[in-house]
Amino acid sequence: MGYRFLGATVSLVLLATGPAAAQSTEITIWSWNVAASALKSTLEGFNKKYPDIKVAVQDLGNDQVFDKSLAACAAGGDGLPDIVTIENFEAELFWNRFPDCFTDLTALGYTPKQQALFPEFKRTELEIDGTAYAMPWDSGPVAVFYRRDFYEKAGVDPTTIKTWDDFLAAGKKVMEVNPGTVMAQADFNGDSEWFRMLSNEQGCGYFSTDGQSITINQPACVATLDKIKQMKDAGIITAAIWDEKIQANTAGRTASQVFGAWYEGTIRSGSPDLAGKWGVYPMPSLTADGPRAANLGGSSLAISEVSENKEAAFKFVEYALTTNEGQVSMLKSFGLVPSLLSAIEDPFVKEKQAYWGDQAVWTDILSTLPKIKPARGTAFQADADGVYKAVQAKYFANGYPDAKTALDDAAKQIETATGLPIAE
Amino acid sequence: MRVHNRIAYAFLAPYLLIFATFWLWPIISSFLISFQNTRVNPWRFAPSMNWGRLVSDPAFYNALYNTLIILVIQVPVMIALATVMAVLLNSPLLKARPLYRFAFFAPVVVGEVAYAAVFRLMFSADFGIINKIIGTVGFAPVSWFDNGTAAMALVIMAVTWRWAGYNAIIILAGLQSIPGDVYEAATLDRVGKVQQFFHITLPLLKPIILFCIVLSVIGTMQLFAEPFLITNRGGPGGATETLGLLLYRQGFTSLNFGYASAIAYTIAGLAVAISLLNLFFGREAK
Amino acid sequence: MRSKSRSLLMRRVALHAALTPLAIIWLFPLWMMFVFSTMSDYGIFSPDIVLWPSTGFIENFQNLQADTDFLRAMFISITVAVIYTILSVMLTSMAGWALARYHFKGRSVVIAIILGTITLPFAVVVIPQFIMVAREFKLANTWVALIVPPLFNSLGVLFMRQAFSMMPTELFDAARVEGVKEWRIFLHIALPLARPTMAALSIILFLASWNNYLWPLLINSKPGMMTAPVALGTLIGLTKVSWGGIMAGAVLLTAPILFVFIFLQRHFISGITAGAVK
């Protein structure tokens, strides 16, 4: 990715901007379900601007995009499309193992001015040593999605729920009045989303933000795990895997779900008959004056090094991600929260949403964005997550005397697996 | 048999050609990779890194333990069940034999994705038909994906469901090759049916049952699809993570090819060792 | 006499009483797959116990077809499986014949290769193999890549070897005395005798190809080149899951094979007999 590449780009850019460039090019994108559909929703606007660039969005499923991109990168990029959707927390794995697989966007016109359009916490994992491997797309500010009718019946006012202890107490009331319903669900079986959300809120994570040490056994993380177990033991959170949560939403077996904001699209499109019954409130915190903001998930778009139409690909990425028009159309159609700061001022964000009982949910959710602390996935995210899930299961089964011992053990195991030191 | 180098290799040529072209190098290369540190760029030779980690990795021992549990519980249960199925299917009194045979064998043809999706729906904690049926009988519902023991039981049931019929058909074939006059003589000597089964049928079936056990051992050592697709990637918290799944997680999720290769060769070595042990004890007892 | 036929009747009843519940349990998941494929998602997740099909199959199928071009994927899967099965039966028969009937230098090496590769998990070979096929041979997104590498099938060779080595040697020796060439002996005497084994092996190979997931997922990235299991896989874990649609796909994926199995059952059973019984 040196001068040779830069030179080629410059000459191509010159060619492309010249009058002889009215040739039709076709670019391909790998993405998955809602994300893919959201990208498709931007095509109409994009082709008004660039009628000569045809975009084919391939909806392959989340795991499959990861597996295929991995194999293709291992093969030197052969078989990659022009643009690949990459989840943020998996991103560093790609840059770390295959630094030549994706192209440096700064060479294509991703200027510092454009970079500044995105919040810092979204860029930490995508830019390494001045190379921008991908552009931030959506983010997942965490919120509580709740059933208005269930809460009301129990006389619970969500604005009074400020701490997780409040949440626990409210949960008991809600469950008493609505038999067969649980306060919230967590994927204790195959995921670690509750720990990642709550610890991120407390400014803790598997690794330090510089990615150089293990911080999973820091006090804030210990307090988080402790609180999750309390809520689980009280019976207000039950275990449910991804599809069980969706089933429970539709069947009215859960009073709330805590998730990244992208879950908005899932509830809305998954349970269309429940329009008006759902609402949103900010996530509680450990203390009443806590930040009440965290991030879970979110993706980015990267352009492959083997792409023969990098300029055209960049034009699409630029349109879809750096313009309000592109980002807001994805928010509207599929609830993907723009990480583009200016999109937050779009009039649509202030609109009341009929599905959500005329609440202006986006104003509420997006207002937490500035308070979110960065969390680093690092190239060892998968290792740490695997260790954490096993430790969590053991701790819930009372395999450790307390949360501190559990996370100390987790830290030690992550140290063995990654070779990183445990932070003091 | 006759010595015919040229002719033999002429027959083997296409097969060996495909092996040499598409398989030889990947097999060698993955072995070499197991001695490299694959977490740096470029990869470096570090002979003890992956193998050293293997012997001290709790995740490895957890996966090994889970795999052995399945091996010790599922394989004998399935083979015993398959033998019972075969003996019953072999009875001359049976009507509509093809129908029963079809029922037991049908699971074998179902693809992994389809089969996993059905099991996930059937065993869903809140909505699954299994828990609904358990509920009508008056028992508490089981959270199949949340309880480690239940999840393991689910994996064992799923694998048994899928492969018992396959083994039953193989054993049935063995039963049919036992000459009938052996039993006639025994009946004349007033040996009971149950005794006949244990003293005549089982000993004669031994080579076939051993064959089934070896196939099942190899299959179990590589077991991947059920814990990956049904119990949510070895969940809860690794309670159903098998060696095959650990290998996949290291190779495809953590992109640690070196460690994944070390695990793979451990799996292969264990499979060979356990199979040989089986064959050895099978012969010994004769 | 009476009491004898009576006890026979009792035993017959007992036999069926034991086997029928077992058969019902075994067919139950397949039946539920079919039932789910005819239900709406609301029906699937209702609190009632539903054991009888509803009428939504067509609608579910339309949803599935809208999400992914499943019919095209089925067509690709069938084409690949048919070509693969024919080629693979040929290759494994030839190799099995050589191992069963000739002494030759390096025989133990070939046997070691075959036994060794059975126990090696495919997942570890798949990455270097993918790199080789995609980068060195430039074969990504081709029918060749989809069909040829999986042709290496050691279990199949063992299967055929077993069948050939069970045939009486005199059969072939007589032909040799008359000066018949070896390949003619193979083609005209041995292969026809091995037909049941080949039929059984064909079913197993067809199944393996039909259900193969990881390799086709990785090697084919072109749109419209997805095989049916890969296409179905894209739908699982979706945000907006249509379970009825997935089940409809599962039924379409399973039904043809079950259908074939019903008709070839006899061949299949006798083939396994030949392969497994010494």
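**Figure 1. Helices α12(A) and α13(A) cross at roughly 50°.** In this predicted model, the axes of α12(A) and α13(A), residues 263–270 of chain A, come within 10 Å. The crossing is right-handed. From α12(A), the contact uses A:Ile246, A:Asn249 and A:Thr250. Facing them from α13(A) are A:Thr266, A:Ile267 and A:Gly270. By class, the residues of this contact are two nonpolar and four polar, with no charged residue.

**Figure 2. An open sheet of five strands in chain A.** The strand order is β2-β1-β3-β13-β6. Pairing in the sheet is mixed. The edges are β2 (53–59) and β6 (135–136) of chain A. Each edge strand pairs on one side only. Inside the sheet, β3 (residues 83–87) and β13 (residues 299–303) of chain A run antiparallel. Five bridges join β3(A) to β13(A). One point to look for in this view is A:Val84, which stands opposite A:Ala302 of β13(A).

**Figure 3. Helix α2(A) lies across the sheet strands β1, β2, β3 and β13 of chain A.** The helix spans residues 33–41 of chain A. It runs at about 165° to β2(A). How many of the nine residues of α2(A) are buried? Seven are, and the helix is mostly covered.

**Figure 4. Two helices of chain B, α7(B) and α9(B), pack at about 160°.** α7(B) covers residues 148–176, and α9(B) covers residues 193–221. Their axes are 9 Å apart. Why are the two helices called roughly antiparallel? The angle makes them so, because the class takes in angles over 145 degrees. The crossing of α7(B) and α9(B) is right-handed. On the α7(B) side, the contact residues are B:Asn167, B:Ile170, B:Ile171, B:Gly174 and B:Leu175. On the α9(B) side, they are B:Leu205, B:Ile208, B:Ile209 and B:Cys212. Seven residues of this contact are nonpolar and two are polar. No charged residue takes part.

**Figure 5. The contact between chain A and chain B.** Chain A gives 25 residues and chain B gives 27 residues. On the chain A side, five helices each supply at least two residues: α4 (62–74), α5 (88–97), α12 (242–251), α18 (381–396) and α19 (403–418). Which helix gives the most to this side? That is α18(A), with eight residues. The chain A side divides into 11 nonpolar, seven polar and seven charged residues.

**Figure 6. The contact between chain C and chain B.** Here 72 residues come from chain C and 74 residues from chain B. Several elements of chain C each supply at least two residues to the side that touches chain B. Among them are α1 (2–37), α4 (70–101), β1 (102–103) and α5 (107–119). Others include α6 (122–136), α11 (195–211), α13 (228–233) and α14 (243–276). α14(C) gives the most, with 15 residues. How do the residues of the chain C side divide by class, and what are the counts? There are 58 nonpolar, eight polar and six charged residues.

How values were computed: Residues numbered from 1 in each chain as written. Chains lettered and ligands numbered in written order. Predicted model: local features only at pLDDT ≥ 70, side-chain atom pairs only at ≥ 80, totals over all residues. Contact = placed C-beta atoms within 7 Å. Helix = DSSP H or I, 4+ residues; strand = E, 2+ residues; numbered from the N terminus. Nonpolar A, V, L, I, M, F, W, Y, C, P; charged D, E, K, R; others polar. Pairing = 2+ DSSP bridges. Axes fitted to C-alpha atoms, helices over the stretch in contact; angles between N-to-C directions. Parallel < 35°, antiparallel > 145°, perpendicular 65-115°, else oblique. Left-handed = near helix turned anticlockwise from the far one by under 90°. Buried ≥ 20, exposed ≤ 12 C-beta atoms within 10 Å, placed from the backbone.
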